[in-house]
Amino acid sequence: MSDCGTSQPVLEGRLHFAKFETSKINDCLEFIQRKKLRLGDFHDCTAPSSDKIFIKATGGGAYKFADLFKEKLGISLDKEDEMDCLVTGANFLLKAIHQEAFTYLDGQKEFVQIDPNDLYPYLLVNIGSGVSMIKVDGDGKFERVSGTSLGGGTFWGLGRLLTKCKNFDELLELSHQGNNRVVDMLVGDIYGGTDYAKIGLSATTIASSFGKAIADNKELEDYKSEDLSRSLLRMISNNIGQISYLNALRFGLKRIFFAGFFIRGHAYTMDTISVAVHFWSKGEAKAMFLRHEGFLGALGAFMSYEKHIPDGPMVHKILPRSPISVSSAGNKIYCSLNSDSNENDSIECNVYGT
C-alpha cells in the first residue's frame, strides 16, 4: 500500500492496552506467551546474540523484572527513561487522539478539544505509587517540578491495613459505597453545623480527614470499611488536587492533565480532584483527565522504537483521523479510537513512510 504519492509501504495495526498489578507479573508473562506476543519483538542485528530479541520497557519494573523476562521468555528489556516516556506518551495522545482529554465535575463528563498548535506549556500530574508533577514545554522539553509521596501506593497501603480488601480495584469499588462524613471532621462539626462564611468555607468542607476518630469513642472495627476507604480516597485526592494547582499557579500554567493508574476512570476520584482544583483556583482552573491515563509510559516506550530504525525515524509526524491539524517533520502516523467511544482498549494506527 502507499499514500500521498509516495511509494513507501503503510503499516496498519491497532495498539491494544492491558494492565497487570505488580503482584500479578506471572499472569502478565503467561498472557504474553498465550497471545504469542513475543513473535512481534524487535530484532536488533547489531546487538550481542543474547540481546538480539528485546521489547521496550520503562519504569521500575523494567529493572525489577528484567531477569524474569529473560528467564521465562528469552526476551531482553530495553529500558527507556520513565519521565521521557510519560511525556512522550502524553504528547502523543493529546495531539493524535480525538476526544482524549476531558473534564469531570459534579458527575458531568465533557470532552475538551485540544489544539495541538497551542498545547504547551502544561502540567502533567502522573499518579502512580507516588505522584510526579511535570512541566511540559514541548516535545522532549520538560522538567519534574514537584511531587508527593502520598499517591496510589498510600491509598492502597493504608486501605489494605484498614479494610479487608484484597486488591486495588476492590478498594476503589468499596469507596464508592461509603460515606466519608462518618469519619471526617467537617467545618460544620466545629462550628455547630454552620459555615465559616468569612473565609469561604462551607459547613460540608473537610476540616480534618479522619478527624472524627479523635472524638468518637470507637475502635477500628466499629467503622464500616466503605466509610474508611471513602475518607482515605478523599484525603489522597484532595491533597493531590491542591498541590497540583499550586504548582500550576507557581509556573503560570493554565492546563493541568491528570494521569496514572490511581485514577482508573473512577468517578469519585476524578470528581474529588476536580473539586480541589476548582476550590483552590476559585474556578479559574479545571482539572483534565485522559482516557488512556494509565498507559502514557507504555506509549512513550513504544514510540522510542524509532531509534532502532536504520533508515530514519518511524514516528515524527502525527496526523489524526479528525479535523485537527498537527505538523512536525518525518514520517506520519494516523490514529483513531475504535468505533465505540466508551472503550479505551485500543487505538487504530497507520504508519506512513516518507
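Reader: How many contacts beyond four places in sequence does the model have for residues 336–343, where pLDDT stays under 50?

Author: The model has 16 such contacts for residues 336–343, a contact being heavy atoms within 4.5 Å. pLDDT is the predictor's confidence in each residue, from 0 to 100. Where pLDDT is low, the predicted coordinates should not be read in detail. This is a predicted model, in which local features need pLDDT of at least 70 and side-chain atom pairs count only at pLDDT 80 or more, while totals for chains, interfaces and linings use all residues. Residues are numbered from 1 along each chain as its sequence is written, and side-chain values use heavy atoms, without hydrogens and water.

Reader: What pLDDT does the protein average?

Author: The average is 83, and 79% of the residues score at least 70. Over residues 312–334, however, pLDDT is below 50.

Reader: Why is Cys 85 called buried?

Author: Buried means under 20% relative accessible area, exposed over 50%, and partly exposed in between (1.4 Å probe, protein chains only). Cys 85 has 4% relative accessibility, so Cys 85 counts as buried. Cys 165, at 6%, therefore counts as buried too.

Reader: How many disulfides are there?

Author: A disulfide is a pair of cysteine sulfur atoms within 2.5 Å. By this rule the count is zero.

Reader: What makes a nonpolar core, and how many residues has the largest?

Author: A nonpolar core is a set of buried Ala, Val, Leu, Ile, Met, Phe, Trp, Tyr and Cys residues joined through side-chain atoms within 4.5 Å. The largest has 37 residues, with Ile 127 and Phe 258 among those with the most contacts inside it.
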